[in-house]
Amino acid sequence: MSKVVYEGWMVRYGRRKIGRSYIHMRYFVLEPRLLAYYKKKPQDNQLPIKTMVIDGNCRVEDRGLKTHHGHMVYVLSIYNKKEKHHRITMAAFNIQEALMWKEKIECVIDQHQDSLVPSGQQYVSFEYKPGMDAGRTASSSDHESPFSALEDEDDSRRDLLRRTTIGNGPPESILDWTKEFDAELSNQSSSNQAFSRKHWRLLQCQNGLRIFEELLEVDYLPRSCSRAMKAVGVVEATCEEIFELVMSMDGTRYEWDCSFQYGRLVEEVDGHTAILYHRLLLDWFPMVVWPRDLCYVRYWRRNDDGSYVVLFRSREHENCGPQPGFVRAHLESGGFNIAPLKPRNGRPRTQVQHLIQIDLKGWGAGYLPAFQQHCLLQMLNSVSGLREWFSQTDDRGQPIRIPVMVNMASSSLALGKGGKPQHKSSLSIDQTNGASRNSVLMDEDSDDDDEFQIPDSEQEPETSKQEQEQETDAKKTEEPALNIDLSCFSGNLRHDDNENARNCWRISDGNNFKVRGKSFCSDKRKIPAGKHLMDLVAVDWFKDTKRMDHVVRRKGCAAQVAAEKGLFSTVVNVQVPGSTHYSMVFYFVTKELVPGSLFQRFVDGDDEFRNSRLKLIPIVPKGSWIVRQSVGSTPCLLGKAVDCNYIRGPTYLEIDVDIGSSTVANGVLGLVIGVITSLVVEMAFLVQANTPEELPERLIGAVRVSHIELSSAIVPNLDSD
């Protein structure tokens, strides 16, 4: 094999001829003259699934973001302009990985390009210019790019072109306020004069931001036009990290955008353009002023200098009509300009500009100027929210996935034609949109096998080569739980795998939790936890007038049933204090402990060792903002935070976790217990790994409890022994 320039796991993305999208994990290898991919990491003389010769005629086509059942991937397509039908389409779940591959492939192309440039000719980069795609419709994923034809026609030109960004460019209705405008623009009709933004006036400084107001070159501003405002601030994060947050419509947006209430994807036009529905959360006399919503087109691009531009403009859509109880605002122009700055003290720095020119409509906007300005400032403050979000986030070593496009409110109504409400989940919306797209990626039958295809209902695996290897190492380190007959185990809390079920539990997917990877000591990288070490077989929900300790002594409990079958149990008894004491007991079982493993050392160790290693990772997928903020999702060493009592029996280890022993935990518990019926909580238990020999970490087990009713708890009959 030739010298490898770059290699790693990536995603094969495409659409079948019937319109359904599919993704495969494939191992890509880039050599000085060849790009190939395999089903698994190649060994010896293994043949690839598909190859492509890389020369100076090759191009890397940036297709932007594509949706696969609610999850987004960043798609690249590599093709030869002389053989346009022969191409390889690859994708990544995080932008950094996709951009790294793009850079490596273009570097190899450039090396071959130098050998094709005759003397006296100059190689330059091509940048999209407005108007080049006039009259074109939305781009199809695997249709030939118009720039390819341009290159063929102009092969004899003095300047050889290589595209560095693709797409149709911003739709004609969107104003790109990040660029200098031609004089031609200022000569347009008076109704568009408000768009001629050449001068800005500093209005105020607020929350560490500079707030600017547009200075217009007209004497009179029509009521239908609003004055543009923008906020400028510096965020200590990379452009990619900020871009991923800005593009998100998931729960993370609540943590930095105080004007966001709800959002969903209406239509995915192409990889760079989408139509979104957005409800604003404005706090200006909400009892008097009706809430506002938006339907707008969003376009984005990445410039050659590493900056990102995201542009907004309102538009009508047949599947996003006016909503009862909402005033449809008009977003005349807006978006984000995310540009890199020089690092300071080794930390990345990025300038974020957020511009909004919006007509909030309604009587409040027309007769109360303070209403318009107050709401604009609230929306612009999202830049300071971005800055604070990154300043308070420590775990940023691993590139996060491109954000999921989800329906944010379980009780919210999706919009149907004519604005009529329809009960739909975000997943079904995205699936419908994905299946109805006209653009079709090439269905490469040679790569279309079911063995490595990711099912629709499962979370797609991470794309990083290093993470794949770490997951393999994890399987070798400690043998995962074997299949166990669960029919003989029972608890008084019902087991139900239905997503909308109440007062029940189910096993939580280990990939929802991030744990320390094999190389955590050197790079602080965390990976999806994967399969649990033990199986969760039952959950009990008890109450009594006193604290309930050593619940394994209760006759007929799941731990005793496991012992009769020769199984080992780990029992976690979460004790909730109060006028009535509650206990939620989780029973995890496995065939046997792996001798010498970290978990076996934890089970047989002393209490000091156990307290220093027992870790809990909480997640609150559904609940009020204040509860999610109070509980958080940061891993916690239980033995350091609260009192834990360990009871080691011949075939079990019981861990009694006294939540009431901590003032802080008790305060959070008082907040949670009052709204417990509205909460969905996930908990993962694991033993913290501190040395390279102990890594990677593995979950003991994980559970999801949904909408628990206090009245469903029972009084246990505990033996006095």
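Residues are numbered from 1 along each chain as its sequence is written. In this predicted model, local features need pLDDT of at least 70, side-chain atom pairs count only at pLDDT 80 or more, and totals for chains, interfaces and linings use all residues, while side-chain values use heavy atoms, with hydrogens and water left out.

Trainee: Which word describes how H4 and H7 lie to each other?
Mentor: Helices are DSSP runs of H or I with at least four residues, and strands are runs of E with at least two, numbered from the N terminus. The axes of H4 (239–246) and H7 (382–391) come within 11 Å and cross at roughly 120°. Angles under 35 degrees count as roughly parallel, over 145 as roughly antiparallel, 65 to 115 as roughly perpendicular and the rest as oblique. H4 and H7 are therefore oblique.

Trainee: How many residues in the contact of H4 with H7 are charged?
Mentor: With contact meaning heavy atoms within 4.5 Å, H4 contributes Glu241, Ile242, Leu245 and Val246, and H7 contributes Leu386, Trp389 and Phe390. Ala, Val, Leu, Ile, Met, Phe, Trp, Tyr, Cys and Pro count as nonpolar, Asp, Glu, Lys and Arg as charged, and the others, Gly among them, as polar. The contact has six nonpolar residues, no polar ones, and the charged count is one.

Trainee: Is Asn345 buried or exposed?
Mentor: Asn345 lies in the loop between S18 (330–344) and S19 (347–359), and has a positive phi of about 55° although it is not a glycine. Buried means under 20% relative accessible area, exposed over 50%, and partly exposed in between, with a 1.4 Å probe and protein chains only. The relative accessible area of Asn345 is 76%, so this residue is exposed.

Trainee: What is the relative accessible area of Asn207?
Mentor: Asn207 sits in the loop between S10 (199–206) and S11 (209–215). Its phi is near 55°, a positive value in a residue other than glycine. Asn207 is partly exposed, and its relative accessible area is 46%.

Trainee: Where is Pro696?
Mentor: The peptide bond from Leu695 to Pro696 is cis, with omega near -5°. Pro696 is placed in the loop between S33 (680–687) and S34 (699–706).

Trainee: Which residue of S32 is the bridge partner of Val572?
Mentor: Two strands pair if DSSP finds at least two bridges between them. The open sheet of five strands runs S26-S28-S27-S32-S31, with mixed pairing. Within it, S27 (568–576) and S32 (652–658) pair in the parallel sense over seven bridges. The partner of Val572 in S32 is Ile655.

Key. Axes are lines fitted to C-alpha atoms, for helices over the stretch in contact, and angles run from 0 to 180 degrees between N-to-C directions.
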